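Subject: Structure handover

Hello,

Here is the structure for you to look over. My notes follow below it.

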Amino acid sequence: MQVMMNIVLLVQLLSALVMIGLVLVQHGKGADMGASFGSGASGSLFGATGSANFLSRTTAVCATVFFVCTLALAYMANHRASAPATDSAQTVLDRAAPGADAASAPVLPTAVPSALPAASAASN
């Protein structure tokens, strides 16, 4: 189960990095305004409108993979937490001392030490 979680986490991280790169490469809506005045290059590697379609669809695929991996990790983490733990895989809270209860809790002193009133009486 741990190996599967690591694989899904790796796929999630890679899809997130690819998605960040794809978003940074894409042009914004205002980028085409400069091309209409002649300052922008209208030709690109994918054609005039091909890059927008290719990059936006690839970003959508990466986002889908990212969210599916997120849901899978959440399911696996919840499924692992509800499974009965063996002695070797118990958490710290599951391995609490067997005799520890409220009666053996340390009692905090509620009275003020007597040295303080004697010191204030001597100073008067």
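Buried residues make up 12% of the 124 residues in the protein chain. Buried means under 20% relative accessible area, exposed means over 50%, and partly exposed is in between (1.4 Å probe, protein chains only).

Some ground rules. This is a predicted model: local features need pLDDT of at least 70, side-chain atom pairs count only at pLDDT 80 or more, and totals for chains, interfaces and linings use all residues. Residues are numbered from 1 along each chain as its sequence is written, and side-chain values use heavy atoms, with hydrogens and water left out.

Confidence

Confidence is highest in helix H1, at a mean of 94. It is lowest in helix H4, residues 115–123, at a mean of 58. Where pLDDT is low, the predicted coordinates should not be read in detail.

Overall layout

The protein chain has four helices and zero strands. Along the sequence the pattern reads α-α-α-α. Helices (H or I, at least four residues) and strands (E, at least two) are DSSP runs, numbered from the N terminus.

Contact means heavy atoms within 4.5 Å. Take the contacts in the protein chain with a separation of 6 or more: 88% of them are between residues 24 or more positions apart.

The accessible surface of the protein chain is about 10000 Å². Carbon and sulfur atoms hold 69% of that surface. Areas come from the Shrake-Rupley method with a 1.4 Å probe; for residues, only the protein chains shown count as cover.

Nonpolar patch

Which residues form the nonpolar patch on the surface? They are Val3, Ile7, Val11, Val61 and Val65, with about 400 Å² of accessible area together. Patches are made of residues with over 30% relative accessible area and no salt bridge; like charges are joined within 9 Å, nonpolar side chains (Val, Leu, Ile, Met, Phe, Trp, Tyr) within 5 Å. A salt bridge is a side-chain nitrogen of Lys or Arg within 4 Å of a carboxyl oxygen of Asp or Glu.

Helix H1 (2–25) and helix H3 (50–82) each supply at least two residues of the patch. H1 gives the most, with three residues. Val11 is in helix H1. Val11 counts as partly exposed because its relative accessibility is 36%.

Cys69 sits in helix H3. It is buried, as its relative accessible area is 9%. Beyond its neighbours within four places in sequence, Cys69 is in contact with Val8, Val11 and Gln12. Cys69 and Ile7 are 62 residues apart in sequence, yet 9.7 Å apart in space, C-alpha to C-alpha.

Ala60 is also in helix H3. Its relative accessible area is 42%, so Ala60 is partly exposed. Ala60 and Met19 are 41 residues apart in sequence and 8.5 Å apart in space, C-alpha to C-alpha.

Ala77 belongs to helix H3 too. Buried or exposed, or in between? Ala77 counts as partly exposed, at 33% relative accessibility. From Ala77 to Gln2 the gap is 75 residues in sequence and 9.8 Å in space, C-alpha to C-alpha.

Aromatic pair

Rings of Phe, Tyr and Trp (its six-membered ring) pair if their centres lie within 6.5 Å; planes under 30 degrees apart count as stacked, over 60 as edge-to-face and the rest as tilted. The count by this rule is one aromatic pair. Phe66 and Phe67 form it, edge-to-face, at 5.6 Å centre to centre and 75 degrees between the planes. Phe66 is partly exposed, with 23% relative accessible area. Phe67 counts as exposed, at 53%.

Best wishes

How values were computed:
pLDDT = per-residue confidence, 0-100.
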